[in-house]
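Here is a short briefing on one protein model. It covers a pocket, the confidence of the prediction and some aromatic pairs.

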Amino acid sequence: MSLPPQAEVPPRHRRTPGWIGLGWVAVLSVVAWHHIPRAHANHTHTGGTQLHIATIHGNNGTSTSPGDQDEQYCVQSRTASIDGTRMANFIEETLAKLSTIWDGTANWRVDLWRASKFCFDYDSATRATIEYEYHIKDDWYEVSLCGSYYSCVVFDNAVYDGYHTHYKWGYSYLQTEHVNGYDTRARKFINHETGHILGLKDPDYYGHCLNSVMHNDLYSSMGCTDPVWYPTANDKSSVTRIADRANTW
């Protein structure tokens with residue numbers, strides 16, 4: 001779902017000049033993760049404004065370094081209960097090193113590259129070149145869209161490309177409780193929030209179901225039980241359509 005601008009944005013954006021516009025939107029995942037209803041969910045954003053990272057429409061990197069159309073991401077633990085290096089390794093493994101992953105989707109227009117440092121270790125100019133950030137904390141009271149119960153995704157810096165408005169930056173605010181098990185439950189939260197960054201949303205109405213990682217709780221699953229913790233073929237097909245700009249309106 002789309003929600004109004006309420007979220008606390010990381011410091012880099014307040015110091016980074018040359019904004020093309022600013023838009024904050026979020027999609028939520030509830031604290032209670034269940035194998036609940038199964039999902040009809042390749043729910044993609046349509047219309048003039050679409051909630052996804054702008055770079056998924058292109059890919060100009062190489063096998064050894066990212067290009068400006070690839071998706072770099074950094075990880076930042078903001079709690080003593082999560083080791084930043086261990087979590088960064090776990091997120092990278094989830095996204096790019098297992099048998100079913102987001103990396104490589106849409107003929108490598110989704111090309112995910114982990115930054116070598118933690119997010120807060122970069123100066124603002126360098127950090128502004130990183131498209132996506134994962135932040136982990138025990139609660140997100142300062143990000144009102146998350147609060148103490150939710151993990152959420154926030155987009156920033158709206159860009160119009162001649163087809164639709166999408167976003168330069170995205171942030172995944174993960175609750176410690178959702179990911180501290182380093183297990184398939186944690187992987188599902190990471191993959192679910194990454195799906196939002198790539199343009200997928202939760203079901204539109206109760207019973208709107210198809211096998212997908214985009215369902216993991218009573219509120220956003222809308223009656224869809226989904227046991228998968230990884231992006232399915234349905235999910236990847238939807239992201240490919242978004243990358244192709246096939247669902248602009």
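Ala, Val, Leu, Ile, Met, Phe, Trp, Tyr, Cys and Pro count as nonpolar, Asp, Glu, Lys and Arg as charged, and the others, Gly among them, as polar. This is a predicted model, in which local features need pLDDT of at least 70, side-chain atom pairs count only at pLDDT 80 or more, and totals for chains, interfaces and linings use all residues. Residues are numbered from 1 along each chain as its sequence is written, and side-chain values use heavy atoms, leaving out hydrogens and water.

**Largest pocket**
- A pocket is an open set of points on a 1 Å grid over the protein atoms alone, where a 1.4 Å probe fits, with protein on both sides within 12 Å along at least five of seven lines; lining residues have an atom within 4 Å of a point.
- The lining of the largest pocket has seven nonpolar, five polar and five charged residues.
- Of its 17 lining residues, A54, T55, D68, Q69 and K168 lie nearest the centre.

**Confidence**
- The chain averages a pLDDT (the predictor's confidence in each residue, from 0 to 100) of 82, and 77% of the residues score at least 70.
- Where pLDDT is low, the predicted coordinates should not be read in detail.

**Aromatic pairs**
- Rings of Phe, Tyr and Trp (its six-membered ring) pair if their centres lie within 6.5 Å; planes under 30 degrees apart are stacked, over 60 edge-to-face, and the rest tilted.
- The count comes to seven aromatic pairs.
- Y73 and Y134 pair edge-to-face, 5.7 Å centre to centre with 85 degrees between the planes.
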